Amino acid sequence: MNFLIYLLPFLFLVGITFMTYVSKTNFKSYKAILFFGLLPALAVAVLSGDTGTDKASYYTWISNTFNGNMEKVVYEPGFKFLTYALSMIYSSEYFIIPVVSLITSLFLWLAFSGNKWQLIVFTFLLFPYFYFDMTMNGLRYGLSFAISAYAARLILEKKFKSFIIVGLVGVSMQYSSIIIIILLYLSQVNFKKIHLILLVVVGYAVFNILDFGYFDNKVDAYKDLTKPSGLSGVTPLILFTLIFGLNWFLNKKISKILFIIFALQMASFVLSLSSYSGLRFQSLFIFTLLIFIAFFQELKTFKKRYLIFFMVIGFISFSLKIRNFMSEEKEVTTPFLPYEFYWER
């Protein structure tokens, strides 16, 4: 029954979103609604102790960051700088990790509180599969993806310069999000010669900033892991297909970029048959699909009965994630289950 610590915040957010949707009130801002709806889940993430698959590894990496062992920290420079800056406030990994979770939640809140449609996508499609993993396990990808989602909102609002800056910050936290930023850029910006020059300049800067030792370490890490089971990639593929199919049903005609993302998801599934990196890319393209659905979809009509489809997918996503949590209990040092608060550490 320990999984209820994750289920109850999800049900609370679902309830808030459902009441907002059926309400006849036309809210000018959804920030207060999403803020209130996220509070229980935020408390679970921030107040957690030794809970979250990779948290034990982050204890070591972050403590090395502020203990003078920076050469042992092999992840991205943006996250190194952030954790080091937070250590200036209080040099403890038990302080820094909850703050990173808080920052990730902040960017998600800013990104998906623009309108009722974004609130629905966040609650039923993004939150159940990603939120606890982003804030308690994959801290770098979680923060990077959350920042990328906010960058999507900026480019939607035609704030191009801010999009570039925020997007690069997101990439500096975890390199894989550069795929999200590139897809956003190519699909939303009218391509001109000046943009080509800008891409060359940014590409040159990124090439010189990147720590290629990071990639060597990644290759070595994946090489040492056993191959995932043949069915590992089926779950995210099914989830992606359900979301893609529902979106197509609602919109009838969808953008070509979504078919490109679908093709990338299929390629990632093939990769997942031989490497764990394929599973990571599958999650990335699910998140990318959700960004495009939330921010760049011209949804003409959304009937109330359609909400049931979102609820079904949401509970399927949550069930799949909880199943993953349950299966890791004896395999990792800091599993998601049983959950523990920080004072129980």
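1. Leaving aside residues up to four places away in sequence, S101 touches T135 and L139. The model is a predicted one, and S101 is placed in helix α5. Is S101 buried or exposed? Its relative accessibility is 1%, and S101 therefore counts as buried, since the limit for that class is under 20%.

2. The confidence of the prediction deserves attention before the details are read. The chain has an average pLDDT of 86, and 86% of the residues score at least 70. Which helix has the highest confidence in the chain, and which the lowest? The highest is found in helix α5 (residues 93-111), at 97, and the lowest in helix α11 (residues 212-224), at a mean of 46. Over residues 211-225 the pLDDT stays under 50, and for this stretch the model has 18 contacts beyond four places in sequence.

3. Which residues make the contact between α1 and α15? From α1 they are Y6, L7, F10, L11, V14, F18 and Y21. From α15 they are L307, M311, G314, F315, F318, I322 and F325. By type, the residues of this contact comprise 13 nonpolar, one polar and no charged.

4. Aromatic rings form a further topic. A search of the whole structure finds 45 aromatic pairs. In one of them, the rings of Y59 and Y94 have centres 5.0 Å apart and planes at 75°, so this pair is edge-to-face; the class requires an angle over 60 degrees. Y59 belongs to helix α3 (residues 55-66) and Y94 to helix α5, so the pair ties together parts that are 35 residues apart in sequence. Y59 counts as buried because its relative accessibility is 11%, whereas Y94, at 39%, counts as partly exposed.

5. F281 and F285 form another aromatic pair, and this one is stacked, with 6.4 Å from centre to centre and 20° between the planes. Where do F281 and F285 lie? Both are in helix α14 (residues 276-295), four residues apart, which is about one turn of the helix. F281 has a relative accessible area of 30% and is partly exposed, while F285, at 4% relative accessibility, counts as buried.

6. Most residues other than glycine have a negative phi, and most peptide bonds are trans. K158 has a positive phi of about 65°, although it is not a glycine. K158 is placed in the loop between α7 (139-156) and α8 (160-173). With a relative accessibility of 68%, K158 counts as exposed. The peptide bond from L337 to P338 is cis, and its omega is near 0°. P338 is located in the segment after α15.

How values were computed:
Residues numbered from 1 in each chain as written. Predicted model: local features only at pLDDT ≥ 70, side-chain atom pairs only at ≥ 80, totals over all residues. Heavy atoms only, no water. Contact = heavy atoms within 4.5 Å. Helix = DSSP H or I, 4+ residues; strand = E, 2+ residues; numbered from the N terminus. Nonpolar A, V, L, I, M, F, W, Y, C, P; charged D, E, K, R; others polar. Buried < 20%, exposed > 50% of the residue type's maximum accessible area, 1.4 Å probe, protein only. pLDDT = per-residue confidence, 0-100. Phe/Tyr/Trp six-rings, centres within 6.5 Å; stacked < 30°, edge-to-face > 60°.
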